[in-house]
Amino acid sequence: MLDTRHLEELRGMLGQEALLTDEASRRYFSTDLSFQPQAVAAAVIRPATVEALAQAAAYCHAQDIALVPRGGGMSYTRGYVPTREHSVLVDMRGLNRILEINEQDMYVRVQTGCTWNDLYEALKAKGLRTPYYGPLSGLYATVGGALSQNSLFHGSGIHHTAAESCLGLKVILADGQVVQTGSSAHRHSNGFYRHFGPDLTGLFTADTGAFGLKVEACLRLIKMPAETLCASYGFEMLEAMLQAQTAIAREGIASECYGFDPFYNAGFEDKGFTLSEGLSVLADVAVSGKNLFSGLKSAVKMATQGRKVLSKVNYSLHIAIDGPTQEAVASMLLIAETIVTENGGAPIGNSIPLAFRSQPFGGVRTILLGSQGEVWIPVHGFFPLSRAVDAALTTERFFAENAELMQRHNIKYSYLTCFSGAEFVIEPSLYWFDELGDFRLDLIEPEYRKDWSAIPADPQTREVALKLREELRELYFELGACHLQLGKYYPFQRSIGDAGARQLLAGLKRLVDDKGLMNPGSLGLE
């Protein structure tokens, strides 16, 4: 616990209800999804204004108390797990207002505790959205959390990661100083432009909270796409799916394009995404006499005849393509269809991408847990397209070499593959039965919570699974993988081979956080 005088000072700045000191709350907010706790924060603050948070940050800096920002809590890389007990964890979700939607200059200014779901719904009512518009966990994940971790998914196929949609930030530094980046810093301008001089915005994106507390963000806006087509395809072999997926990435046509393995496919069937009654790939496209649609007739026929149930498909690829007209979207989908056919894929019902598009931010049970209540923990690598297939096949060999060990402990694995522009993500996940804990249980529906809360802890299997995860992380390091969501898990410092770059990073940390009190340990910086 902090000294009584510290607690009283913080209460005076933030309000009585904005300070939590009971052990249950401190432990809850200090634990992420990684199963790797370190320290428990001495207190949790829940600021409602930027001014109050800046005042609290200045006080903590003067008293040598570390600050650790936390968004929606979706981290599995110890992003907000404190490394020191003498820490105050900052629950950012009270700073959740949408401050400005500028439809003329096409940007939105939002407090970073706002969820992606709330932002999406507010913009959708005006026919707008951000280019990248959130992770699958966007019902809970916050704008600030995604910018800190540089997450990807919705819109990433052509609009890249969260950081690429950011035009400017308002940040509270460790000593309480408030800094504005981007053209919003211009005394006579607004937030329309990011690179007004050196890219100071970039310093605070993907920093996992190591450089400051992001409190406001200016994000680009685009018009909500007028037309969208979704498609799904089945493949017998992983290599064939990846060859098709990387070729589609190079075409720059898919807003989302993600692949699943047999375990994922079977799990989605269990969770209600049965595709035996799914729509055919191009059923919404009206056939006309134009050359374009004449070329699509055979594709529609193939889609209708090629339906399969997802659980009977080895590997499945799911695509969403956006555009201004039906003709434009259909022509891009035909390019993807041709690539898939050349690589031995066949259309299946497209319920999964349709479901994700109709409800981008549903519940997170299907993301955080296996279909029977198994714990889920991923590890990932971010590769250039040229290395994607080899990296995936190396991963397959890793699982084959450890098959007997995993079978003995009933540890399953799965793949998610996707791309962000020309950057390819391979994310294998491990599943096993273990105690879910309060945080996971709070995120799932009551009926599942009732059944799965009785699953007992299995520390022995957990140790084996976490060791396998570490070995995969090291394998990806040797393969040259970069990472999103660096947190305190991936070997960022060890990955940087240039001594000058390491020194520059350490110097920047000292400049914005002279005492090393802002999320210590993040990015490997203390």
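A residue is called buried here when its relative accessible area is under 20%. With that in hand, let's walk through this predicted model, starting with a leucine. Leu484 has a relative accessible area of 9%, so this residue is buried. You will find Leu484 in the loop between α18 (459–478) and α19 (492–495). Leaving aside residues up to four places away in sequence, Leu484 touches Gln149, Asn150, Leu152, Thr161, His380, Phe382 and Tyr490. If you trace the chain from Leu484 to Pro520, 36 residues along, the two C-alpha atoms are separated by 18 Å.

Asn519 sits in the segment after α20 (499–512), and its relative accessible area of 0% makes it buried.

Ser151 is in the loop between α5 (143–149) and α6 (156–159). Its relative accessibility is 8%, so Ser151 is buried as well. With Tyr132 the link is a polar one: the two side chains make a polar contact at 2.5 Å.

Now turn to a strand. Asn102 is part of β5, which covers residues 98–102, and at 12% relative accessibility this asparagine is buried. What does the side chain of Asn102 meet? One partner is the side chain of Glu100, in a polar contact of 3.3 Å. A polar atom of the Asn102 side chain also lies 2.8 Å from the backbone nitrogen of Asp105. Beyond residues up to four places away in sequence, Asn102 touches Tyr107, Asn190 and Leu221.

Next come the helices. Two packed helices are described by the angle between their axes and the distance between the axes. Take α1 (residues 4–14) and α3 (residues 50–62): their axes come within 9 Å and cross at roughly 160 degrees. An angle over 145 degrees counts as roughly antiparallel, so α1 and α3 are roughly antiparallel to each other. Their crossing is right-handed. On the α1 side, Arg5, His6, Glu9, Leu10, Met13 and Leu14 take part, and they meet Ala52, Leu53, Gln55, Ala56, Tyr59 and Cys60 of α3. By class, this contact has eight nonpolar, two polar and two charged residues.

How do α8 and α14 cross, and at what angle? The axes of α8 (residues 238–251) and α14 (residues 385–401) come within 9 Å, with a crossing of roughly 160 degrees. These two helices are therefore roughly antiparallel as well, and their crossing is right-handed. Leu238, Glu239, Leu242, Gln243, Thr246, Ala249 and Arg250 from α8 meet Leu385, Ser386, Ala388, Val389, Ala392, Leu393 and Glu396 from α14. The residues of this contact divide into eight nonpolar, three polar and three charged.

Definitions and conventions: Residues numbered from 1 in each chain as written. Predicted model: local features only at pLDDT ≥ 70, side-chain atom pairs only at ≥ 80, totals over all residues. Heavy atoms only, no water. Axes fitted to C-alpha atoms, helices over the stretch in contact; angles between N-to-C directions. Helix = DSSP H or I, 4+ residues; strand = E, 2+ residues; numbered from the N terminus. Parallel < 35°, antiparallel > 145°, perpendicular 65-115°, else oblique. Left-handed = near helix turned anticlockwise from the far one by under 90°. Contact = heavy atoms within 4.5 Å. Nonpolar A, V, L, I, M, F, W, Y, C, P; charged D, E, K, R; others polar. Buried < 20%, exposed > 50% of the residue type's maximum accessible area, 1.4 Å probe, protein only. Polar contact = N/O pair within 3.5 Å; in protein donor to acceptor, adjacent residues only side chain to side chain.
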